[in-house]
Amino acid sequence: MTQEFHRIKRLPPYVFAEVNALKSKARAAGEDIIDFGMGNPDQPPPQHVIDKLAETLADPRAHRYSTSRGIPGLRKALCAYYQRRFGVDLDPEREAIVTLGSKEGLANLAQAITSPGDIILAPNPSYPIHAFGFIIAGAAIRSIPVGPEFDFMEQLERAMRHSVPKPSALVLNYPSNPTAEVVDLEFYSTVVDFCRENGIYVISDLAYAEVYFEGEPPPSILQVPGAKDIAVEFTSLSKTYSMPGWRIGFCAGNPDLIAALARVKSYLDYGAFTPIQVAATAALNGPQECIDEMRARYRSRRDVLVNGLEAAGWPIPSPPATMFCWAPLPPALREMGSLEFSKLLLEEAQVAVAPGIGFGEYGEGFVRLGLVENEHRTRQAVRNIKAFLKSLGVNDQGAKVRNIAS
Ligand SMILES: Cc1ncc(COP(=O)(O)O)c(C=O)c1O
């Protein structure tokens, strides 16, 4: 029997799968692929967090079902973080919830608040769950084009004017995956005013709160007075403490949205494994030097990559935050598009990147490079890319100096 499932029809085949398949093939053939494809932190979490996990594992009481909303100590630790980092007061009972990674929280919040046919405003390009969480839940997405060439408020006002029915929520993500853009508190203040006037919820994803290299630390939307009336914000331990496999994230802010998410989750899960939640509490409450080390590591990788690519004939912007470079294709190769470029780079330079088109139509013309290879391997990647560009006759302005045969 073949049946077209309603939801599955709305999920296009994963664009990254094509590059991943080539990557697996090359690796199976013994090639050493330098992999900037995924934002998957490569370092271990701090030792004291691992020790706390091991210690809690030894407690026979720690193996029962946990609490779907998160253990109270972890919710309190999140609220203490918000207080010391942003000066924001949160009630751990009503305004904070633990999720199985922020991705799960985003998807289940979408389930909780979406009626079929609702319109959701989501950035494009975006981290896929920002749009697809809502698509799975039955919403229609109106894309807000984002990136250096767009004025966000202009695009938001336009989307609002031309959407029927009126959108019910807006998704924000700064520092942004994949574009690495950052915003200031004034930006959030303008967005909160606009969304309050128009009666729409704001869902902010602050996964990269602590991954920044320049200027002021990224603000939280919850710092805007009254933001809690309409906004929630997702944070995560995945990048801050290099704990992506642990699956611990948070949602904080508007109590109605938190209650809706808590209700859906109460039907779906029993919370993260208690020892993981206890160790996550130790991460938030314990020494924070590991965060400086994480920043220093990504910063030096970023500098090696950006400076190296510039010298190799492919100048790209240096990201002020996140663990990603958002790189316009070299002008001479722009016409082939980001997917073909990524495949060619993999085959000819043994370097894997994520094609921009995988993040949405406005991601075309770019590739994303995750800073997840060490400096030594990043230098090797730069050498490979330089040789690759030279073989195609691309000069140091990224322009074509002779016809490319294929
Ligand atoms: C913007 C953004 N939000 C959320 C996530 C998912 O984080 P988590 O591991 O907490 O689910 C990622 C992961 O790359 C991300 O880039």
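## Chat about the sheet and the cores

Trainee: Which residues does Y82 contact, leaving aside its neighbours within four places in sequence?

Mentor: Y82 is in contact (heavy atoms within 4.5 Å) with G87, V88, L90, S220, L222, E233, T235 and A252. Keep in mind that this is a predicted model, where local features need pLDDT of at least 70, side-chain atom pairs count only at pLDDT 80 or more, and totals for chains, interfaces and linings use all residues. Residues are numbered from 1 along each chain as its sequence is written, and side-chain values use heavy atoms, with hydrogens and water left out.

Trainee: OK, and which residues touch the most other members of the largest nonpolar core?

Mentor: Y82, F152, L170, L172, I248 and W314, out of 94 residues. A nonpolar core here is a set of buried Ala, Val, Leu, Ile, Met, Phe, Trp, Tyr and Cys residues joined through side-chain atoms within 4.5 Å; buried is under 20% relative accessible area (1.4 Å probe, protein chains only).

Trainee: Where does that core lie relative to the domains?

Mentor: Between them, because domain 1 (6–44 + 290–392) and domain 2 (47–285) both give residues to it. The bounds come from an automatic or database domain assignment.

Trainee: What's in the second core?

Mentor: That separate core has 19 residues, including L109, I120, A169 and I258.

Trainee: Switching topic: what's the strand order in the open sheet?

Mentor: β2-β8-β7-β6-β5-β3-β4, with mixed pairing. Strands are DSSP E runs of at least two residues, numbered from the N terminus, and two of them pair if DSSP finds at least two bridges between them.

Trainee: Why is one side of β2 and of β4 left without a neighbour in the sheet?

Mentor: β2 (96–99) and β4 (140–145) stand at the edges, so each has a single partner strand. For β4, β3 (residues 119–124) pairs with it in the parallel sense over six bridges.

Note on methods:
Helices (H or I, at least four residues) and strands (E, at least two) are DSSP runs, numbered from the N terminus. Buried means under 20% relative accessible area, exposed over 50%, partly exposed in between (1.4 Å probe, protein chains only).
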